[in-house]
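Biologist: Let us go through the labels one by one. I will ask what stands behind each of them.

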Amino acid sequence: MGVQGLLPCLQSITQSVSLERYRGLTVAVDAMSWLHKGVFACDVKALAKSQRSEHSEKPTSSELKCINYAINKAETFQVKFGIEVILVIDGDALPSKKEENVQRREDRDKAFEKAVAA
């Protein structure tokens, strides 16, 4: 989600480098970005349903697949590149993004209904 249009604005000053360049350093990563990518490693329909049902203390297998994706990615950074990863999870919603969050919730609800119907 982040700042819309940020990456295209920074395009002219970015360069691709090997992660090897950051060996021995610590990086903070938005955990949600890796968790969202982890969705592709699981049964999306089951995950969506688990997110809408009563939560238990134990994560579902679909939720665990998303979590494991993020953990495995962090471990790969550590083992392969010697980079320590701190996974950052957002706090409360920002009041300044209230309208945007309402719209996102509506979009997610519509997408959920469409996915369940498929």
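Modeller: Start with how elements are assigned: helices are DSSP runs of H or I with at least four residues, and strands are E runs of at least two. The model is predicted. Read along the sequence, those runs give the protein chain the pattern α-β-α-α-α-β-α. That is five helices and two strands.

Biologist: Why is Cys66 called buried?

Modeller: Its relative accessibility is 6%. Buried means under 20%. Cys66 therefore counts as buried.

Biologist: What makes Cys9 exposed?

Modeller: Cys9 has a relative accessible area of 64%. The cut-off for exposed is over 50%, so Cys9 qualifies.

Biologist: Why is the pair of Phe77 and Phe81 called edge-to-face?

Modeller: The structure holds two aromatic pairs. In the pair of Phe77 and Phe81, the ring centres are 6.4 Å apart and the planes stand at 75°. Pairing requires centres within 6.5 Å, and edge-to-face requires planes over 60 degrees apart. Both conditions hold, so the pair is edge-to-face.

Biologist: How do you know that about one helical turn separates Phe77 and Phe81?

Modeller: Both sit in helix H4, residues 61-81, four residues apart. Phe77 and Phe81 are both buried. Ring pairs also link them with Trp34 into a cluster.

Biologist: What share of the protein chain is buried?

Modeller: Buried residues make up 18% of its 118 residues. The chain exposes about 9,500 Å², with 58% supplied by carbon and sulfur atoms.

Key: Residues numbered from 1 in each chain as written. Predicted model: local features only at pLDDT ≥ 70, side-chain atom pairs only at ≥ 80, totals over all residues. Heavy atoms only, no water. Buried < 20%, exposed > 50% of the residue type's maximum accessible area, 1.4 Å probe, protein only. Areas by Shrake-Rupley, 256 points an atom, 1.4 Å probe, with all protein chains shown as cover. Phe/Tyr/Trp six-rings, centres within 6.5 Å; stacked < 30°, edge-to-face > 60°.
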